[in-house]
Amino acid sequence: MSLPGASSFAVLLLLVLSTWPTCPAAHNITAILAARRDMAAFSGLLTATGLADDINERNTITVLAVSDADMAPLKARHLSREALRHVLSLHVLVDYYDRAKLHRLPGGSAVVSTLFQASGDAPGSAGMVEISERRGGSVAFVPQEDGDHDVHAPAVLFVKSVHEAPYNISVLQVGAIMSSPAAEAPSSSETPRHKATNVASKNGTRAGDDAAADAPSRDADGGGDRAKKNGAVGAAPGWLSFAWAFVLAIKIMVVV
């Protein structure tokens with residue numbers, strides 16, 4: 001004997017499940033890098049520039065992370081926050097590449113889009129990165145420059161895999177920060193701020209240029225705890241929506 005309203009409840013439950021929104025990306029780049037204390041500066045800059053949130057919103061992504069020991073050249077460039085974001089976004093490929101895939105490139109190379117290209121701020125083909133396997137098995141990453149095929153940016157070499165979660169997120173360590181004139185060029189909207197920063201530097205003060213570079217030291221401590229909290233907060237609305245839908249289904253079943 002079937003229970004009263006059981007069929008109605010089953011129908012409502014199926015409706016709830018069929019209309020349930022697609023789950024967001026489950027990874028958290030800050031939490032992943034928190035396990036690598038030698039990458040605290042890189043992780044801090046991702047947070048300071050807002051790229052960490054962009055990475056976490058992507059379902060498929062590859063992050064080319066850099067150790068603290070290789071971050072000095074970037075700090076020496078004294079980039080504005082926007083230019084710093086552009087440079088770091090070159091290190092975020094909008095596709096999944098793990099160690100195995102790097103050594104299975106069709107024809108030995110591939111040109112991949114990055115978050116810099118996806119942002120719409122990159123001119124032309126700038127913001128694309130060429131991946132190529134070289135003699136001896138080393139893998140190089142080279143940012144592409146728009147329209148000038150005679151200009152070749154320095155190659156950045158693959159060091160090792162840090163984290164792999166096929167086919168959602170891969171974190172690969174590379175030996176240096178990429179260099180790109182297109183990424184480092186100040187945008188028209190930030191030129192006044194950039195000039196103000198230069199004036200401040202001449203007066204012996206450290207303003208906007210170094211603020212982002214100093215951010216890792218402030219963000220590194222307790223980064224993992226904050227990442228866990230952010231992950232918990234981000235997951236809550238989905239569960240609450242399901243709970244309300246479930247309660248509503250029960251109420252309707254009782255009425256029926």
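Arg36 is buried, at 18% relative accessible area (buried means under 20%, exposed over 50% and partly exposed in between, with a 1.4 Å probe and protein chains only). Its side chain meets that of Asp38 in a salt bridge, 2.6 Å from N to O, and Asp38 is partly exposed at 32%. A salt bridge here is a side-chain nitrogen of Lys or Arg within 4 Å of a carboxyl oxygen of Asp or Glu; the count comes to 4.

This is a predicted model, in which local features need pLDDT of at least 70 and side-chain atom pairs count only at pLDDT 80 or more, while totals for chains, interfaces and linings use all residues. Residues are numbered from 1 along each chain, and side-chain values use heavy atoms, with hydrogens and water left out.

Another of the salt bridges joins Arg77 to Glu184, with the closest N and O atoms 2.9 Å apart. This pair ties together distant parts of the chain: Arg77 sits in the loop between helix 5 (72-76) and helix 6 (81-89), and Glu184 lies in helix 9 (residues 181-184), 107 residues apart. Both are partly exposed, Arg77 at 25% and Glu184 at 23%.

Leaving aside neighbours within four places in sequence, Leu74 is in contact (heavy atoms within 4.5 Å) with Leu45, Leu79, Leu84, Val87, Leu88 and Ile177.

Note on methods: Helix = DSSP H or I, 4+ residues; strand = E, 2+ residues; numbered from the N terminus.
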